[in-house]
Structures are given as structure tokens and as C-alpha cells.
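Please have a look at it first.

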Amino acid sequence: MAGKSTGFAVELFNGYNDFTLWQQKMRNILVREGLVKALKPKSEKPEEMKEDKWEEMRELANSTIQLYLGNSTLREIINETDPAELWAKLESRYKSKSLTNRLSLKKQLYALSMPEGGNINEHLDEFNRLITELEAVGAKIEEEDKAIILLVSLPISYEHLQTTLLFGKDTLGLDEVIAILLSHESMWRKESERISEDRAMVASSGSQARGRTTERQNGSKPKGRSHSRVASRGPLTKGNAIFVTKKAIY
């Protein structure tokens, strides 16, 4: 289920899905609704804003955030009325910058492996998720290291592509690797579709040929009316050809 209080479908955060991604989407919603200032402490009220409008904005922001939380997560902060404190509490619980959290995320990243025949788009999504979460908790990974980790996580069928990417280069960028992987995936899919279509056409042609062979083996002959009448009149001459043509028309 997804929250729709403001017309934007966002997956409810239940404590187990991607908090960093949810938080970014949630912030975007608050920006579009003109409520993002409410994430500041209560004491930092904009000078030009009246007190009652400030309180109304904070209450609306707090309500909006809670509407995008799953039941289990909502129960943890159900008594929270300050949107800034609510935001900070969620961050402290689900965006911990502890060494243990960084270690866990790095282990997942370094152990990431795409199975043979796996979906490259799903693999890239998981890779990007881990990178984003690591950076969100303060871990710094060089662009070249990201590119190398991604290449190492690919199955052996990508070995030739890896060699091509690394040949004659001193540096390697993540964006370049991702672009080539997606291009390679697109070309592979088009080729697979073409081969499937060719096989389907061959199978269809073979089926029709077998059907005609079976008809001939069973001694079946065409049963058109004009054919039978021509056969009954002996060899076709100019005269009876005209006769047959007229009879066929009528």
C-alpha cells in the first residue's frame, strides 16, 4: 500500500524497506506542498510568518509525514507532534551512522553478486541502493572503486565486456560502466527477440510443410468445381476453356 494524501504514491515506510529512498521522496513531497520549512526547529520560525501560520504548517507537515508511515513505524512515534523532532527520530533509528551499520552495508556491497542469467537492471538497483545508503551514513567510496566493485559483481558471461572496458585505460568511471552495461543489455534483448521471431517463423513454415506432405500422402486432391468439370471434358481446348470459364462465372 502507498500513501496518497497529497496525490503522490509513495510506499509506506515500515522499518524494513529503504529508508534513505523513502526519506528523499518524503522530502520532495514536503517541498512541493510548501511544508519543508517545518523540518527546522520550532525556534527557527521565518520572520515574515505569523505564529498561527507557522503552527499550522508544522501540524500539517507532521500529519503528512505520519500518513506515509506503516503501522508498526507509526506506533513508535505516534505521540510525536513536532515535525522536526519526528524527522530526527526517524533518522536516528533508521539512518544510523554507527560503525556497525557501515560495516554491515559494506559487507553487503562487497558480497554483491549477480547470478548467471540474472536481470542487470535489478542488479544495478541493488548496487545503487547499497551505495546510496553507505554515503548517507558517512561512508566515502571513490568513483573508480564503485566501478570496479560493480564489474567484479558480474557473472562470468560478462568477462569479455569487462576486458573491453579495462583495455588501455588508466581510470574508470562508474557512469561509463553503467551506460555500457545498459547498452549491452538492450542489444542483447533485441537480438534475443529477433532470434525468437526467426524460430517462430521457421516452426510455422515447418508445420505448414508437414501439413501439405500429409495431404499428399493421404491422396487428397483439390475439390474445386472448375477443376472437376475440366477433367470430365477431356483435354482442355480453346472452346471448352471458354465454356468452363462461363460456367465458373455463373
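The secondary structure of this protein amounts to 11 helices and two strands, where helices (H or I, at least four residues) and strands (E, at least two) are DSSP runs numbered from the N terminus. Read from that end, the order is β-β-α-α-α-α-α-α-α-α-α-α-α.

What we are looking at is a predicted model, in which local features need pLDDT of at least 70 and side-chain atom pairs count only at pLDDT 80 or more, while totals for chains, interfaces and linings use all residues. Residues are numbered from 1 along each chain as its sequence is written, and side-chain values use heavy atoms, with hydrogens and water left out.

As for confidence, pLDDT is the predictor's own score for each residue, from 0 to 100; its mean over the protein is 81, and 78% of the residues reach 70 or more. Among the elements, helix α2 (residues 51–67) has the highest mean, 96, whereas helix α11 (residues 238–249) has the lowest, 38. Over residues 222–250 the pLDDT is below 50, and beyond near neighbours in sequence this stretch has nine contacts in the model, a contact meaning heavy atoms within 4.5 Å.

Of the 250 residues, 30% count as buried, that is, under 20% relative accessible area, with exposed being over 50% and partly exposed in between (1.4 Å probe, protein chains only).

Let me now compare two positions, starting with S153, in the loop between α7 (143–152) and α8 (159–166). Is S153 buried or exposed? S153 counts as buried, because its relative accessibility is 3%. Its side chain reaches the backbone oxygen of L150 at 2.6 Å, and, leaving aside residues up to four places away in sequence, S153 touches L112, S113, M114 and H123.

L103, by contrast, belongs to helix α5 (residues 99–110) and is exposed, since its relative accessible area is 52%. From C-alpha to C-alpha, L103 lies 9.4 Å from L134, a residue 31 places away in sequence.

Finally, the aromatic side chains: the structure holds six aromatic pairs, a pair being rings of Phe, Tyr or Trp (its six-membered ring) whose centres lie within 6.5 Å, with planes under 30 degrees apart counted as stacked, over 60 as edge-to-face and the rest as tilted. Which residues do the ring pairs link into a cluster? They are F13, F19, W22, W87 and Y94.

Terms used:
Polar contact = N/O pair within 3.5 Å; in protein donor to acceptor, adjacent residues only side chain to side chain.
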